[in-house]
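User: I would like to learn how to read the features of a structure, one at a time. Please give the general idea in each case and then apply it here.

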Amino acid sequence: MADPTSRPSLPAQCASNRCRRVARSGALRRRPAEPDARLCGPCGRALAADLAALPALHRESEQHLVLPARQGGLARVTGHRPDPPPVSDTALEARHDAVVRLASWARLVLDETGTGRPPERTVPALAAFLGRHVGLLAAHPAAGEAADEIAQVATALRLVVAPPKPDLVPLGRCVEPGCEAEVTLPERGGENLVLRGPMCGAGHVLTPRQWLLLNRRQSMSETEETA
């Protein structure tokens, strides 16, 4: 006869850092893992979704390998052959990291199953292979690490394909005749400031002289308000 005071054991908690972060934020409780798995339902589905998205993300990231001319500056000409275009280290690293990490998890799956041929060392082939064995990954003792690493790979490629736009600081009305659009500047300086500069909503990029005029106008307006 069962002990009436005993309580059924709770399911193991999800091993993914996604659940840990949510629990630390206080937004939700950390979710229990699915039966015969070490990931909860949402984290298991997120792992499968990341693997499904990786081939397209990797393909699109190839278009961002070469930096625009304004980022790399003008190509120098040495003799009759110009220097090669500048390459994005961020895109290159994200693409390389995707292959290395996916290949590592594919090797783990092959070691666990003991059968099958290794997939080609390309992101589409590796992601498709891992997608077919996502259940094995979700149940493996390293399931949390696998989900987190593959999520990091997908996030890095998404940032290459669609980098976040800098926050803009309003500077006042445009100084171009007849234009009333607001002029803004990236909140973060450095490269963002050099690449974009002050520009109004209508697309007018201010010259240094116009920027000085805008500053003077803004200073006069603030003086009148405090007078």
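User: How many of the chain's residues are buried?

Analyst: In this predicted model, buried residues account for 30% of the 227 residues in the chain. The accessible surface amounts to about 15100 Å², and carbon and sulfur atoms hold 55% of that area.

User: What does the secondary structure of the chain come to?

Analyst: There are nine helices and five strands. Read from the N terminus, their order is α-α-α-β-β-α-α-α-α-β-β-α-β-α. Sequence separation of contacts is another thing to read: of the contacts between residues at least 6 apart in sequence, 52% join residues at least 24 apart.

User: Which residues have the most contacts inside the largest nonpolar core?

Analyst: That core has 37 residues, and those with the most contacts inside it are Leu39, Leu54, Leu102, Trp105, Leu130, Leu137 and Ile150. Two or more residues come from each of H2, helix H4 (89-113), helix H5 (123-132), helix H6 (134-139) and helix H7 (143-161). The most come from H4, which gives eleven residues. There is also a second, separate core of ten residues, including Leu171, Val175, Ala181 and Leu185.

User: How should I read H4 by its length and its buried residues?

Analyst: The buried residues of H4 are Ala91, Ala94, Arg95, Ala98, Val99, Leu102, Ala103, Trp105, Ala106, Leu108, Val109 and Leu110. They pack against H2, H5, H6 and H7. Just after H4, glycine 114 has a positive phi of about 70°.

User: Where does a kink lie in H2?

Analyst: The kink, of about 40°, is at leucine 54, shortly before proline 55. The end-to-end check can be made for H2 as well: its 21 residues should span 30 Å, and the end C-alpha atoms are 29 Å apart, which agrees. Leucine 54 also has contacts away from its own stretch of sequence. Leaving out residues up to four places away in sequence, leucine 54 touches Leu102, Val123, Ala127, Ile150, Val153, Ala154 and Leu157.

User: Which residues of H2 are buried?

Analyst: They are Gly41, Cys43, Ala46, Leu47, Asp50, Leu51, Leu54, Pro55, Leu57, His58 and Ser61. Take aspartate 50, which lies in helix H2 (residues 41-61). Its relative accessibility is 6%, so aspartate 50 counts as buried. Beyond residues up to four places away in sequence, aspartate 50 touches Arg18, Ile150, Ala151, Ala154 and Arg158. Alanine 49, also found in helix H2, is partly exposed, with a relative accessible area of 41%.

User: What can sequence separation and spatial distance say together?

Analyst: Read the two values side by side for one pair. Alanine 49 and glycine 131 are 82 residues apart in sequence, while their C-alpha atoms are 8.8 Å apart in space. Another pair is threonine 155 and alanine 94, which are 61 residues apart in sequence and 9.2 Å apart, C-alpha to C-alpha. Threonine 155 lies in helix H7 and counts as partly exposed at 41% relative accessibility.

User: What is the phi of aspartate 36?

Analyst: As background, most residues other than glycine have a negative phi. Aspartate 36 has a positive phi, near 60°, and is a residue other than glycine. Its place is in the loop between helix H1 (17-25) and H2. With a relative accessible area of 78%, aspartate 36 is exposed.

Terms used
Residues numbered from 1 in each chain as written. Predicted model: local features only at pLDDT ≥ 70, side-chain atom pairs only at ≥ 80, totals over all residues. Heavy atoms only, no water. Helix = DSSP H or I, 4+ residues; strand = E, 2+ residues; numbered from the N terminus. Buried < 20%, exposed > 50% of the residue type's maximum accessible area, 1.4 Å probe, protein only. Contact = heavy atoms within 4.5 Å. Areas by Shrake-Rupley, 256 points an atom, 1.4 Å probe, with all protein chains shown as cover. Core = buried A, V, L, I, M, F, W, Y, C linked by side-chain atoms within 4.5 Å. Expected span 1.5 Å × (residues − 1). Bend = angle between axes of the 7 residues up to and from the residue.
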